[in-house]
Amino acid sequence: ATVAAASAPEPFASAPELAASAIEPVPALAASAPASAASAAALAAASPTSAPTNVATFEWPGATRVSYVLTGNYRGEVSGSAQVEWIRVDERYQVNLDLVIGPDFAPIIRRRMTSEGKLTPGGLVPERYDEDTQMVMRDRRRMTVVFEPDAVVLANGERRERLAGVQDTASQFVQLTYMFSTQPGLLRVGNTVAFPLALPRTMDAYAYEVVDDQQVITPFGALAAFHLKPRPKKPKRPNQLSAELWIAPELRYLPVRIRIEQDEANYVDLIISRKPEIASNDPEPAPRATFVASSSRTPP
């Protein structure tokens with residue numbers, strides 16, 4: 001189980017309940033599934049410099065869950081799990097990214113990152129980011145970034161000018177998926193995608209370079225994916241984290257692998273562990289979200 005930050009916003013009162021008993025995995029969506037279901041797995045947003053070309057056909061899902069298995073190194077080999085949950089209520093969104101290093105019953109590190117804001121034709125517009133970290137033998141640490149109309153207030157109280165298209169630690173992954181879903185031509189080797197990124201202690205321009213295409217081996221088969229690497233910052237800040245992504249077009253442009261690195265000796269590597277679970281976009285309100293596993297692949 002994950003621990004929600006005390007300072008983090010509670011899930012929307014009308015949001016679908018993301019309970020394990022509400023999940024109904026199926027092999028794949030039927031070929032005749034409506035376009036809204038096919039696009040529902042996309043968790044992301046548009047480029048700050050160019051408008052999406054087919055945004056009118058894109059419909060945000062009510063809820064989505066993507067699960068990962070974690071391996072890596074932190075003062076020795078580590079393992080664990082991670083999960084991304086997306087919740088939408090009308091034009092409001094919430095993204096929860098939970099990461100556990102070590103066994104659930106005695107984790108070394110447990111972190112929850114929450115982004116909350118609104119949806120626009122350009123994608124996600126964050127209003128608040130909360131981060132809650134618990135580590136063995138250390139005090140619990142909570143940080144909040146507030147996005148005002150004209151300013152971003154960092155966790156240390158520093159105010160920065162709010163730049164168009166700015167994202168936070170959690171929303172950036174959703175923004176990328178939406179951007180590639182609505183502008184698939186951007187996901188080509190040699191291209192670069194950029195947007196301002198507000199981290200708890202700093203805000204800066206951030207760019208991902210599409211460096212090559214690779215296969216990612218998952219429990220349900222090999223997936224063709226594009227490898228994105230962040231453009232290095234010089235000079236590199238102490239303990240600065242960077243995230244490499246592998247985006248799979250055949251899996252609704254979701255990140256199927258995420259490698260988060262502090263340095264060569266300390267990193268975590270996340271591989272998708274099951275097909276994404278997507279809440280059905282039912283026109284009638286339901287007491288719980290009904291999830292189906294989504295993929296355009298036929299399972300092996």
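Select Trp-60 and Trp-86: both are buried. You are looking at a predicted model. The two rings form a stacked aromatic pair, 5.0 Å centre to centre, with 20 degrees between the planes. This pair links distant parts of the chain. Trp-60 is in the loop between helix H1 (35–40) and E1, while Trp-86 is in strand E2, 26 residues apart.

Tyr-178 belongs to helix H2 (residues 171–182), 118 residues apart from Trp-60. Tyr-178 is buried as well. The whole structure has 5 aromatic pairs.

Next, look for charges over rings. Select Arg-257 and Trp-246: Arg-257 lies over the face of Trp-246, 4.0 Å from the ring centre. Then select Arg-259 and Tyr-267. The charged end of Arg-259 sits over the Tyr-267 ring, 4.1 Å from its centre.

Move on to two loops. Most residues other than glycine have a negative phi. Arg-75 has a positive phi of about 60 degrees. Find Arg-75 between strand E1 (63–73) and strand E2 (77–89). Arg-252 also has a positive phi of about 60 degrees. Its loop runs between strand E13 (242–248) and strand E14 (254–263). Which of the two is buried, and which exposed? Arg-75 counts as exposed because its relative accessibility is 68%, over the 50% cut-off. Arg-252 counts as buried because its value is 15%, under 20%.

Last stop: the surface. Select Ile-108, Val-136 and Met-137, a nonpolar patch with about 330 Å² of accessible area together. Met-137 is in the loop between strand E5 (123–135) and strand E6 (141–147).

Definitions and conventions. Residues are numbered from 1 along each chain as its sequence is written. This is a predicted model: local features need pLDDT of at least 70, side-chain atom pairs count only at pLDDT 80 or more; totals for chains, interfaces and linings use all residues. Side-chain values use heavy atoms; hydrogens and water are left out. Patches are made of residues with over 30% relative accessible area and no salt bridge: like charges are joined within 9 Å, nonpolar side chains (Val, Leu, Ile, Met, Phe, Trp, Tyr) within 5 Å. Accessible areas come from the Shrake-Rupley method with a 1.4 Å probe; for residues, only the protein chains shown count as cover. A salt bridge is a side-chain nitrogen of Lys or Arg within 4 Å of a carboxyl oxygen of Asp or Glu. Helices (H or I, at least four residues) and strands (E, at least two) are DSSP runs, numbered from the N terminus. Buried means under 20% relative accessible area, exposed over 50%, partly exposed in between (1.4 Å probe, protein chains only). Rings of Phe, Tyr and Trp (its six-membered ring) pair if their centres lie within 6.5 Å; planes under 30 degrees apart count as stacked, over 60 as edge-to-face and the rest as tilted. A charge sits over a ring if NZ of Lys or CZ of Arg is within 6 Å of the ring centre and within 35 degrees of the ring normal.
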